[in-house]
Amino acid sequence: MEDFLPEDEAIVNARQRGEEVGATPIGPAGGAALRFLATLIGARTVVEVGTGCGVSGISLMRGMPPDGVLTSVDVDHENQRLAKLAYREAGLGSFRTRMIVGRALEVLPRLTDGAYDMVFCDAVKTEYPEYFTAALRLLRPGGVMAFDNALLNRRVADPSYRGDPTTEAVREIHHRVREDERLVPLLLPVGDGLLCAVKRD
Ligand SMILES: C[S@@+](CC[C@H](N)C(=O)[O-])C[C@H]1O[C@@H](n2cnc3c(N)ncnc32)[C@H](O)[C@@H]1O
């Protein structure tokens, strides 16, 4: 499943740099799912929380139309520098991105309500519940939110992980995505799990 779609040199290089600096990239099938979702909804405005070294950003931009803009947030300036290098290697011009260096919980409140087609979250897992609240606010009706590492290497489903803050935070967004009537939920078992939801009209 992970190697159904071989990755090109730009993504392979970005993935290697991400692994080297500890900004673990989304897996190949997860990246393909992001590109698919962005294409499906014609996403022109996308927020990414956790730029890393650019694997997910390339995947998203390859699903967005050429005039789409990816707003990507990361607290680490050096990771964003490597992501920009990856975007260049992928042939994606700098006009395609708005790169913001800062903590997600400080940056997200500054972004405009209802202005985004898609929100992808892949930064601090214990902050996923806050990202969920922000995503609901930022998305237009019909927009899609997606969270990477939604399975946490099977810990989410393992009852012996009790009281672990990361596991509990991811369990909380499972619950919220499933129970919120404003959303249509889907858990994709790609890579480490991609939890998705469409915001209803
Ligand atoms: C798992 S990596 C992202 C990988 C990237 N999405 C990809 O697929 O290539 C997580 C990133 O979140 C960033 N990060 C950590 N804490 C953060 C925070 N409080 N706000 C924003 N970004 C943060 C890290 O610097 C790191 O680059």
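This briefing describes a ligand site and several residues and elements of the structure above. The model is predicted: local features need pLDDT of at least 70, side-chain atom pairs count only at pLDDT 80 or more, and totals for chains, interfaces and linings use all residues. Residues are numbered from 1 along each chain as its sequence is written, and side-chain values use heavy atoms, with hydrogens and water left out.

**The ligand**

- The ligand sits in the largest pocket. A pocket is found on a 1 Å grid over the protein atoms alone, as an open set of points with protein on both sides within 12 Å along at least five of seven lines. A molecule sits in a pocket if more than half of its atoms lie within 2 Å of the pocket's grid points.
- The ligand is surrounded by 21 residues, and the closest are Gly50, Ser56, Asp74, Asn79 and Asp122. A residue is near a molecule if one of its heavy atoms lies within 4 Å of it.
- Asn79 places a polar side-chain atom 2.8 Å from an oxygen atom of the ligand.
- For Gly50, a backbone N or O atom is 2.9 Å from a nitrogen atom of the ligand.
- For Ile26, a polar backbone atom is 2.9 Å from an oxygen atom of the ligand.
- On its own the ligand has 610 Å² of accessible area, and the protein covers 88% of that. Accessible areas come from the Shrake-Rupley method with a 1.4 Å probe; for residues, only the protein chains shown count as cover.

- Leu5 belongs to the segment before helix 1 (9–21). Helices (H or I, at least four residues) and strands (E, at least two) are DSSP runs, numbered from the N terminus.
- Leu5 counts as partly exposed because its relative accessibility is 37%. Buried means under 20% relative accessible area, exposed over 50%, and partly exposed in between (1.4 Å probe, protein chains only).
- From Leu5 to Pro28 there are 23 residues in sequence, but 7.6 Å in space, C-alpha to C-alpha.
- Leaving aside neighbours within four places in sequence, Leu5 is in contact (heavy atoms within 4.5 Å) with Ala32 and Arg35.
- Arg15 lies in helix 1. Arg15 is classed as buried because its relative accessible area is 12%.
- The side chain of Arg15 reaches the backbone oxygen of Ile26 at 2.9 Å. A polar contact is a pair of N or O atoms within 3.5 Å; within protein, one must be able to donate a hydrogen and the other to accept it, and residues adjacent in sequence count only if both atoms are side-chain atoms.
- Not counting residues up to four places away in sequence, Arg15 touches Glu7, Pro25, Ile26, Gly27, Pro28 and Val55.

**Helix 6**

- Helix 6 (residues 128–138) is mostly covered, with 8 of its 11 residues buried.
- Among the buried residues of helix 6 are Tyr128, Tyr131 and Phe132.

**From strand 5 to helix 7**

- Asn149 is in the loop between strand 5 (139–148) and helix 7 (165–179). Its phi is near 60 degrees, a positive value in a residue other than glycine.
- Asn149 counts as buried because its relative accessibility is 17%.
- Leu152 lies in the loop between strand 5 and helix 7, and its phi, near 50 degrees, is a positive value in a residue other than glycine.
- Thr167 is in helix 7 and is buried, with a relative accessible area of 0%.
- The side chains of Thr167 and Asp164 are joined by a polar contact of 2.3 Å.
- Thr167 also touches Leu152, Arg155, Val156 and Tyr161, not counting residues up to four places away in sequence.

Conventions: On a 1 Å grid over the protein atoms alone, a cavity is a set of points where a 1.4 Å probe fits but cannot get out, and a pocket is an open set with protein on both sides within 12 Å along at least five of seven lines; lining residues have an atom within 4 Å of a point.
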